[in-house]
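Hello,

Here is the structure I promised to pass on. Please have a look, and below I tell you what turned up in it.

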Amino acid sequence: MCDLASGIETNTIGRQLYECIVELYPICRSITGDGVRETLRRLQDTIPLTVHEVPSGTEVFDWTVPREWNVRDAYVKNSRGERVIDFRRSNLHVVNYSMPVHARLSLEELRPHLFTLPDKPEWVPYRTSYYSDSWGFCLSQKQLDALENGEYEICIDSSLKPGSLTYGEYYCPGESRDEILISCHVCHPSLANDNLSGVAIAAYLAQHLCRISRRYSLRFLFIPGTIGSITWLARNQEKVPRIRHGLVLACLGDGGRLTYKRSRRGDALVDRAVHHVLPQLGDYEIQEFSPYGYDERQFCSPGFNLGVGRLSRTPHGRFPEYHTSADDLGFVHPDQLAASFVALLKIIEVLEGDRTYVSQNPKCEPQLGKRGLYHSIGGLAHSLTNEMAMLWVLNLADGEHSLVDVAERAGLSFETVRRAAESLRDHGLLKEARVA
Amino acid sequence: MCDLASGIETNTIGRQLYECIVELYPICRSITGDGVRETLRRLQDTIPLTVHEVPSGTEVFDWTVPREWNVRDAYVKNSRGERVIDFRRSNLHVVNYSMPVHARLSLEELRPHLFTLPDKPEWVPYRTSYYSDSWGFCLSQKQLDALENGEYEICIDSSLKPGSLTYGEYYCPGESRDEILISCHVCHPSLANDNLSGVAIAAYLAQHLCRISRRYSLRFLFIPGTIGSITWLARNQEKVPRIRHGLVLACLGDGGRLTYKRSRRGDALVDRAVHHVLPQLGDYEIQEFSPYGYDERQFCSPGFNLGVGRLSRTPHGRFPEYHTSADDLGFVHPDQLAASFVALLKIIEVLEGDRTYVSQNPKCEPQLGKRGLYHSIGGLAHSLTNEMAMLWVLNLADGEHSLVDVAERAGLSFETVRRAAESLRDHGLLKEARVA
Amino acid sequence: MCDLASGIETNTIGRQLYECIVELYPICRSITGDGVRETLRRLQDTIPLTVHEVPSGTEVFDWTVPREWNVRDAYVKNSRGERVIDFRRSNLHVVNYSMPVHARLSLEELRPHLFTLPDKPEWVPYRTSYYSDSWGFCLSQKQLDALENGEYEICIDSSLKPGSLTYGEYYCPGESRDEILISCHVCHPSLANDNLSGVAIAAYLAQHLCRISRRYSLRFLFIPGTIGSITWLARNQEKVPRIRHGLVLACLGDGGRLTYKRSRRGDALVDRAVHHVLPQLGDYEIQEFSPYGYDERQFCSPGFNLGVGRLSRTPHGRFPEYHTSADDLGFVHPDQLAASFVALLKIIEVLEGDRTYVSQNPKCEPQLGKRGLYHSIGGLAHSLTNEMAMLWVLNLADGEHSLVDVAERAGLSFETVRRAAESLRDHGLLKEARVA
């Protein structure tokens, strides 16, 4: 297995990812309901997702799958019958999981149900009310200021009743049953970075990687945040021990630098792989684990403690557009999406390529020259790097150091080390310590 | 057990501590003798100390309890019969453990027995001669310079003969027989910071804590330095394994910042507790262990290696007033004494409150909302901190992390973490891993 | 065992080392051949070296002992019969291991066989061709520029045929069969720093140390680089486990600071000993292990993984004179050679003196005063240091800390700590944990 990114043209992949986001952007998603179903159906044009439906009321660990929410229309009409707040213009206008309501209220009666961002008077906030029975509208401060006193007709044509929770799963077998998990949340309505960026990248990663022969099996989850990962974990406990590495994808399209949040373990191979790859790709940040965030919270709960980290650009909550109407199609960029995509390929390349070798000539160096391995590759500087990589691999091929260890200690790129190891292995100088 | 400092009014405790020092200051103490007895008798007004007498000649490990020393009077009279050096003005004037002597000497004969501080001409040094038979006087350089040639009558009306070594002990049982040891040296004569500050604080800590129900039993020792701790350890070897944590108190009343010297182990719980508490209380310093200092030397000798550190303000030897007459009642401050007292309560609070929990819902997060634990406490910022604390406690409740570990990793105060843990425990989400 | 450097007069030893280099400088050495034999014969005037001959064709691990190379003369004559390149002026002029050749060639035909350093037009490079059948001359760029077109007579009167590989070995028994290995390469022709500096120092170290009673046995190897250490290791596998510590000596006479390269283990006792000694001797550098360098590569191969580091001044490849005619007798200095020699004695002193003790009074401090150990040595500051050293040794005498551990933790010199330990041991306060 080598160079997973070969054949990837960044302009092309950037455009594909962006177009995927454009297509999914108008759909009103929530943690349940037809928006998720429609989203998964469209993703099936890219990858053969399996769609799972888990009935409302199903107990999943300490939680219960909620009632299903759907909304067809929602508005606030003024006394002249004009829609002054209109779901058809943006699905952010209705508080997600609002109960159905149809009533006539004075502005004063309505006000407690209206949510704005006074600091950002042009933006509409995104609000949810999953676990308390209520309803509300989100609007810009400017819209609110323009509302006249008087009576308003308000309508939320929603339903909140037993149904199911919907999620998508795509399992793509590799040589081993050991798995790499890629997970993203699909529960946010018209918000581009959070998290159509993650959804689009997961889908295209799946499409790309499943065409390539790999060591690891891959599992892609398109799930509603929190309740989705809890539901999947509760229903698939027997599969959990096979998850060797994993990444939660979120907020990968904005202009910020790549930011990785370590797994709870902190030094899982995925943590080390990312720490190895990101410095080669420009500015970056590594955050320690914390139990607040996206679905890594569940994968890293103490009963699972998986080697699952999270890759983002600007993390949620640290960009002002977060959870507002300003997280729109102008907030994400094809080139940033493409760069995130390539970073993920490089990370997975390290996970795929890591091996532990045992030298077949552990006493003194083997003679590289007689095998044509000395000064045998490329130009001089390149060749010296390759020879150093071979010497390092041989020196640490004691069955206790993997190639990632070698790359870290030698200060060389994983790719250089892996190629040196493969060359040595092909000449009979190394054997794999264990088949992973 | 919560908030040990509740009910403490710092002005009040500062004044009490200072008054205790004022009362004990004039007494001439040494490593044996009536000065220690009188000191302990007065402390019995505050706490029900047991006074132990260990006969001279008793073998204690490699040492022998020395003869008992008492002094009634001491002076140097000039030819006009005037007391030019007078024990009645300051007990520092006689070298501690001086043999009895009564003689007439020329100034030249006297000079080798006179000790001054030429750099500090107004100050009288404090000198001892425990283990060699000699005698001497301490005086200011100014006094020495004023001495005229001629004959002097010198008298030290002391006795040095078989008697006993006296120390005070107060044991205050808690729920467990595991102990926290608080030790201070009571062997210095009229020196305020070193160590009436430690003596007063130990006595009032005992008074305060023994009224409160606690997990740990508390043992307070009021002992002469070195020989006292050696004597106690030799006579109480069967109790030593119960000492789980300990602190030596010394020099706690001067104007300097709090300074903690780690135990030999370096990462004992008391070391970590202090390292957690001090940064919350202002400027501080943490010193690594060294085998030089006060009685932590004995508690941390390799055959015991107890988790015993030392809390001071400016450590002994690092303030010019150390072991001189300038370490007087003006050198210690009620507010500094009170702040030292509060710091000790906070440290003990951590020791008392530390627990290791096991999550009862280790797989995925439990649903805090349905238990009213979400946004359930106080204002928003406060509430977010509490929620983070709950998430951290749950995430690390794997039976391998104590609350101190959680506080360190989360960067939250121990109190916040402890409260979060108690709340979760009360809702059945946590169980203690082991009863300590 | 104490102060290995006693009796060493640095001017004298510096002059001896320099004169040794002067004597060996003209000899044309290679990885085999009479130059090595002659070098070893001369060293036998200083130490009773055993000379080993290993036949060409002998298999040593993955390598084969090569044919033996000797050269009697070599030149390039111009059309006037003048030797424009002349082996008799410098043995660097012939590429080491050149095949015999005698021919007439035009300058253009000759050119691919000529090697210069265009950046250093006055210097002649040093080149080898051990493992490919070829021939060549090295000359200065200035010499090359002066060559006129025309026909040249070229002659290399060498032989390359079955013979043997020659190396020197000197084993000097100590109380224990455990060994310290000192190794240096003897394969370079007229190059002073690389590595006659190492050869001379190894020889005089051997002479000096073998006169002193020591704990460790010493083994000195004078071997051709790479193939020599591989040959020795292959023929002496049963002795390898006795090598407890080792040092490769190279480039020890130039004006640079002392530079130590750690063993592969990184924290072997020799690594710690050097890290302790060098800061006391002036500017220095510690490098992490890398599998590139001199014979430490073989001693630290994963099948041996010995505690063998390398001591140099400016490491090979980091001074411009490296592997050129400018590494001549003016490039090495008697005072630098002497300082390297003394540093090695200090390092070996730590290895020799390190012990692990167990306190015979582990509970509380023993009473030093009654044994005359308190204030018993020298002036006050000195005495305080000695008392601190005694307290540290006693405190850490738990059978788990060696004197190097004590010196590191106490921040005291090894010598101070060792003396304190010996004094305590002589008073019955310490016993050795294990006889090494």
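A word on handedness to begin with: a crossing is left-handed if the near helix is turned anticlockwise from the far one by less than a right angle, and right-handed if clockwise. This is a predicted model, so local features need pLDDT of at least 70 and side-chain atom pairs pLDDT 80 or more, while totals for chains, interfaces and linings use all residues. Residues are numbered from 1 along each chain as its sequence is written, chains are lettered from A and ligands numbered from 1 in the order written, and side-chain values use heavy atoms, without hydrogens and water.

In chain B, helices α11 (residues 403-410) and α12 (residues 414-426) cross at roughly 125 degrees, their axes coming within 9 Å. Helices here are DSSP runs of H or I, at least four residues, numbered from the N terminus; axes are lines fitted to C-alpha atoms over the stretch in contact, with angles from 0 to 180 degrees between N-to-C directions. The crossing of α11(B) and α12(B) is right-handed.

Between the chains, 19 residues from chain B meet 19 residues from chain A (contact: heavy atoms within 4.5 Å). About 1800 Å² is buried between chain B and chain A, 50% of it on carbon and sulfur atoms; this is accessible area (1.4 Å probe) lost on being put together, summed over both. There are four salt bridges between chain B and chain A (a Lys or Arg side-chain nitrogen within 4 Å of an Asp or Glu carboxyl oxygen). Asp398(B) pairs in a salt bridge with Arg264(A), with the closest N and O atoms 2.9 Å apart.

Best wishes

How values were computed:
Helices (H or I, at least four residues) and strands (E, at least two) are DSSP runs, numbered from the N terminus. Buried area is the accessible area (1.4 Å probe) that two parts lose on being put together, summed over both.
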